[in-house]
Amino acid sequence: MLAPLSDEVWIDVTGAQRAENAQRIVAFGTPRPALADLVRQAREADGTPVLGGGEPTLGSDLPDLVAAVSEAIGSQWVLATDGLALTQPGPLASLAQRGLTTLRVRLVSARPDAHDWFYGRPGATKAAVRALRTAAAAGITTQIEVPLIRPTVDHLAETLEVAARVSASAVLAVHYDPGRFPRDEQVTLTPRLGLLEQPLTDTAAAALRLGVTFAVADLPQCFLPEGVAACRVRQSRPTPAAPCGPDCPGAPTCVGVPEVYRSLFGSSELPAGPPTDLAEDDFSGTSRQIRMRLVRHGEHATHLRVTAIDHPDAAALLREALRLGFARVEVAADLAPLAAFSDDELHRLRRLTALRPTGPVPPDLRERIGRIAPQVELGSTS
Ligand code: SF4
């Protein structure tokens, strides 16, 4: 029985400025931490510390960092790298002497055209594989981290076979929030959740056959195929995600389906939403975000309550809400922005069920509503 990968805490060693070797995964924008701070983070980590982020081998103080972390917490931590600087025995032996016992190398695919393309660096695949072999020969335990991306997700089992050939002990496939990819490549790079079952199942079968530990990190729980081990990282997600299903355990059990994923691909693959009758929206965010939210509310709710209308597009957004087939649409908010609506805009809102003011009703608004949209129930201040 292979030991499962425990949950991890990723520690960004280099800061965003040093992320040039991972151009297609956007760093979090944290400044480069001081060495003592990194050691403290490793000591306090609630899981296996993984020192990576950007490219740790670019820092001249890497040997000092390795020595300091080893001294502080022993051998239970991982150094994550693209492997470019670790293809020769010398640097690896030096890090091993200072206490490095586990090296993880990122590889989106063992096919050079794919991995070199992803990292924008010819020769990156060869270097990564060489680093894995050299480290294993130096007695360092090796792992492969596979960012799950759409162009290579079907190569995952093949990558695991390469892991076995270079004596890597584990493969960790990481499901990234699409928000970590450059905006113009999010659709190209993000794997569809509904299509992951087969590649993950095939890879888990290959892992069993070849004796390599395999786990998937940060995949929304409902999309984890039976028999595939999960591991939590969470730092791969810049934005929180709302629960999406009726029996959803939510956080911390599941990282959820990222908002960016829903905006790229809609909700058709996701578990059906909870059978709530009422959805509330405060019209926060951009008009596009609000429109997408309204559509989602319409998939689950029969009643919509808008709790704030101080948005420049509030008139158009309310019209949009009225077109979405809710049985009731009401505004329970400060109605001051309505005073700025033209008569025509107010007339187009005549199918609103109710206006429930939460503050003073502007002078004349009651008279205008009564004249232009008399069907709308205008309550008194709550
Ligand atoms: S957030 Fe809930 S419903 Fe959505 S994938 Fe996770 S467990 Fe499933």
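**A guided look at the chain**

Guide: Leaving aside its neighbours within four places in sequence, Ala-128 is in contact with Asp-82, Gly-83, Val-105, Leu-107 and His-115, where contact is counted when the C-beta atoms of two residues, placed from the backbone, lie within 7 Å. The model is a predicted one, in which local features need pLDDT of at least 70 and side-chain atom pairs count only at pLDDT 80 or more, whereas totals for chains, interfaces and linings use all residues. Residues are numbered from 1 along each chain as its sequence is written.

Visitor: Why is Ala-128 called buried?

Guide: A residue is called buried if 20 or more other C-beta atoms lie within 10 Å of its own, exposed if 12 or fewer do, and partly exposed in between, with the C-beta atoms placed from the backbone. Ala-128 has 28 other C-beta atoms within 10 Å, and is therefore buried.

Visitor: What makes Arg-296 count as buried?

Guide: Arg-296 has 20 other C-beta atoms within 10 Å, so the label buried applies to Arg-296. This residue is found in helix H10, and between Arg-296 and Gly-266 there are 8.7 Å from C-alpha to C-alpha and 30 residues in sequence. For the chain as a whole, 39% of the 382 residues count as buried.

Visitor: Why are H4 and H5 called roughly perpendicular?

Guide: Helix H4 (residues 112-119) and H5 pack at an angle of about 105°, and their axes are 7 Å apart. Axes are lines fitted to C-alpha atoms, for helices over the stretch in contact, and angles run from 0 to 180 degrees between N-to-C directions. Angles under 35 degrees count as roughly parallel, over 145 as roughly antiparallel, 65 to 115 as roughly perpendicular and the rest as oblique, and H4 and H5 are therefore roughly perpendicular to each other. Pro-112, His-115, Asp-116 and Tyr-119 of H4 make the contact with Ala-124, Thr-125, Lys-126 and Ala-128 of H5.

Visitor: How do you know that H6 and H8 are roughly parallel?

Guide: Helix H6 (residues 156-165) and helix H8 (residues 197-210) pack at about 20°, with their axes 8 Å apart, and they are therefore roughly parallel to each other. Among the residues that meet are Leu-156, Ala-157 and Leu-160 in H6, and Pro-199, Ala-206 and Leu-210 in H8. By class, this contact of H6 with H8 has 8 nonpolar, 1 polar and 2 charged residues; Ala, Val, Leu, Ile, Met, Phe, Trp, Tyr, Cys and Pro count as nonpolar, Asp, Glu, Lys and Arg as charged, and the others, Gly among them, as polar.

Visitor: What makes E1 and E8 edge strands?

Guide: In an open sheet, 8 strands follow the order E1-E2-E3-E4-E5-E6-E7-E8 with parallel pairing, and two strands pair if DSSP finds at least two bridges between them. Strand E1 (8-12) and strand E8 (229-231) each have a single partner strand, so one side of each is left without a neighbour in the sheet. The twist averages 30° from one strand to the next.

Visitor: How do you know that E4 and E5 pair?

Guide: Strand E4 (residues 102-106) and strand E5 (residues 141-147) are joined in the parallel sense over 5 bridges, and Arg-104 stands opposite Gln-143 in E5.

Visitor: In what order do the strands of the open sheet that begins with E9 come?

Guide: The order is E9-E10-E11-E12-E13, with 5 strands and parallel pairing, and its edge strands are strand E9 (278-281) and strand E13 (377-378), each of which pairs on one side only. E9 and strand E10 (residues 303-306) run parallel and are joined by 4 bridges, with Val-306 in E10 as the bridge partner of Asp-281. Helix H10 (residues 287-300) lies across E9 and E10, at about 170° to E9.

Definitions and conventions. Helix = DSSP H or I, 4+ residues; strand = E, 2+ residues; numbered from the N terminus.
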